[in-house]
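Subject: Structure handover

Hello,

Here is the structure I said I would pass on. My notes on it follow below.

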Amino acid sequence: MGYVAVKGGTEAIENATDLVEFYRVRDQTSPVQLQQLQAQFRLAIDKIMGEGSFYAPEYGALALKQVEGDGLEAAFILRAFRATLSRKYYSAILDTKSMFVQRRISSSFRDIPGGQVLGPTRDYTQRLIDTRLVDETNEHIRAFLAGFASRIDAATPGEVTTFGKVVDILRAQGLLKEVRPEDRRVVDITREAVKFPAPRSARLQMLARAETGGIMALGYSSMRGHGGVHPTVGELRVGLVDVKVTDPAGRNRYIGRIRVTEAEMITEAQTAGKEAVPYYAIGYGLCFGQNETKAICMGILDRALRTEGNRAPANDQEFVLYHTDGIEAMGFTSHLKLPHYVTFQSGLSNLREAVDRERAAKKDQGQSSTAEPEPPEQPAVVFAENPDLTG
Amino acid sequence: MAPDRDYVLCECSLEALKTFVSDQLLPYYQVNLTKAPATCLTMVRAEDSVENQEFYLGEALTTECEVEVNGQAGYGICLGDEPDRAYCLATVDALFAAGDARLPTVEAFLAAQWAAIQQRERLEFSQIMRTKVDFKLMEQG
């Protein structure tokens, strides 16, 4: 495929930039405040941060505003912005066991240590449009918050506790077995081009920044039989985890908390032979923000990518990892919208020559045998007004 | 449990922190800004919970700042685009490094903020725990 540089569109591009801005603001509604977006579009921003691989809620809100709510574009902008900053710190490994839990459930066990905590979820509600929000006012919000707060005795609130992990119970009972040993190198795919087979660290990093819909599609394909992994949720937890770094003086410092979603997906693992005891293995999912679909599907694909003997797309590292990065996929798709005049002209020219040759050949045959009718003339009028297409 | 100073300073009200530093600390010290607050990145490390396979989860926006008080360096680091908080963190860090006489004032501020943070978290957690499922078998009604 060949490319040539062209010019002449600068003014049109500038005008298009103004026009898209015009469409954003032409109704002259009040400017959307970033604080509003950050608070009321929490889940959209969580998704953008995860796919942008950049935890920065304030910039997630700004990106969302800038692109009129297009999540893929917003994630693209975040990832580009991230590239302008220097990496100064590496955190200590997150400790999800000491998470400030906002939600944690298990679909494998009814009784889990600390209990099932539904947390902030719409999973158990009907997906009916809430017309009350049409007329939502500040008074409504204040009244709701007052009523919500009144349910707790502010003088004696309960202590904050942490929760034991479900997988620790399975492990203690000897039901969990590690999958066969594999490459344990810690690779950073933002610094080192990924090669296949990729170490598990690279796979987990790529899945953590994958586009939610992309890994949902492949995770779903595996659950439907194309990949051999149909797990249950051992534990799904959402909450805040501490981030700590080493400062220039060498001291371990707390620098803040980030919201993450963690999924531990239980699957039955392959056994060596018919007589071997079956055991369970875990597929692991972890991503920025509250994004349960993504964490669950990451866990499914983590296992699917370690499943031997299947040849479904969900088992293929390159297929899964290269095609689920939303920024890469959108970028490549978007490039189709850029001018391809030269390459298309080349193809068009070849096609015309081939058609001419075929016509000539048929004409020759027609002269020797009159049974074959003449092909109709091509409708040249279609291209007549466009010099580029007239060849 | 003794409060972690950085935890309190990162989680407390920014307005309260700025007011405290500007009213209670800056009039008494010469704070030299050796590295102005600037944003950077922290790569967040994680590991899976069964095989402890380490991997990189993604990067987090971070602000860092460096000051000097009485010849003692102080470092302020926090998540987000938070230049004021990073400056306050660095100033308090330098004061603790210097072992200054006004530390009791700082400690009183930290204690008050710690209590406020704990109360806020307990209230939130209490609301969260109201969503805990109380399973009953069908025949239990």
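The pLDDT is the predictor's confidence in each residue, on a scale from 0 to 100. It applies here because this is a predicted model. Chain A averages a pLDDT of 89, and 91% of the residues score at least 70. Residues 379-391 of chain A fall below 50, and this stretch has ten contacts in the model beyond near neighbours in sequence.

The two chains

Chain B and chain A bury about 6,300 Å² between them, with 59% of that area on carbon and sulfur atoms. Chain A brings 77 residues to the contact and chain B brings 53 residues. Ten salt bridges are counted between chain B and chain A. In a salt bridge between the chains, the side chain of A:Arg253 meets that of B:Asp93 at 3.5 Å, N to O. There are also 41 residue pairs in polar contact between chain B and chain A, both residues being at pLDDT 80 or more.

Domains of chain A

Chain A is divided into domain 1 (10-82), domain 2 (96-132 + 162-334) and domain 3 (342-389). The centres of domain 1 and domain 2 of chain A, taken over C-alpha atoms, are 27 Å apart. Their contact takes 16 residues from domain 1 of chain A and 19 residues from domain 2 of chain A. The area buried between these two domains is about 1,600 Å², and carbon and sulfur atoms give 59% of it. Of the area that domain 1 of chain A buries against domain 2 of chain A, A:Tyr55, A:Leu72 and A:Arg79 supply 36%, more than any other three residues.

Two salt bridges are counted between domain 1 and domain 2 of chain A. A:Arg79 also forms a salt bridge with A:Asp325, where the closest N and O atoms are 3.0 Å apart.

Nonpolar cores

The largest nonpolar core has 74 residues, and those with the most contacts inside it are A:Leu207, A:Ile258, B:Phe55 and B:Leu57. Domain 1 and domain 2 of chain A both give residues to this core, so it lies between them. Another core, of 29 residues, lies apart from it and includes B:Tyr7, B:Leu17, B:Phe20 and B:Leu110.

Leaving aside neighbours within four places in sequence, B:Phe55 is in contact with residues of chain A including A:Ser201, A:Leu204, A:Tyr284 and A:Met298. Within chain B, the contacts of B:Phe55 include B:Val44 and B:Asp48.

Regards

Terms used:
Residues numbered from 1 in each chain as written. Chains lettered and ligands numbered in written order. Heavy atoms only, no water. Core = buried A, V, L, I, M, F, W, Y, C linked by side-chain atoms within 4.5 Å. Buried < 20%, exposed > 50% of the residue type's maximum accessible area, 1.4 Å probe, protein only. Domains from an automatic or database assignment. Contact = heavy atoms within 4.5 Å. Buried area = accessible area lost by both parts, 1.4 Å probe. Salt bridge = Lys/Arg side-chain N within 4 Å of Asp/Glu carboxyl O. Polar contact = N/O pair within 3.5 Å; in protein donor to acceptor, adjacent residues only side chain to side chain.
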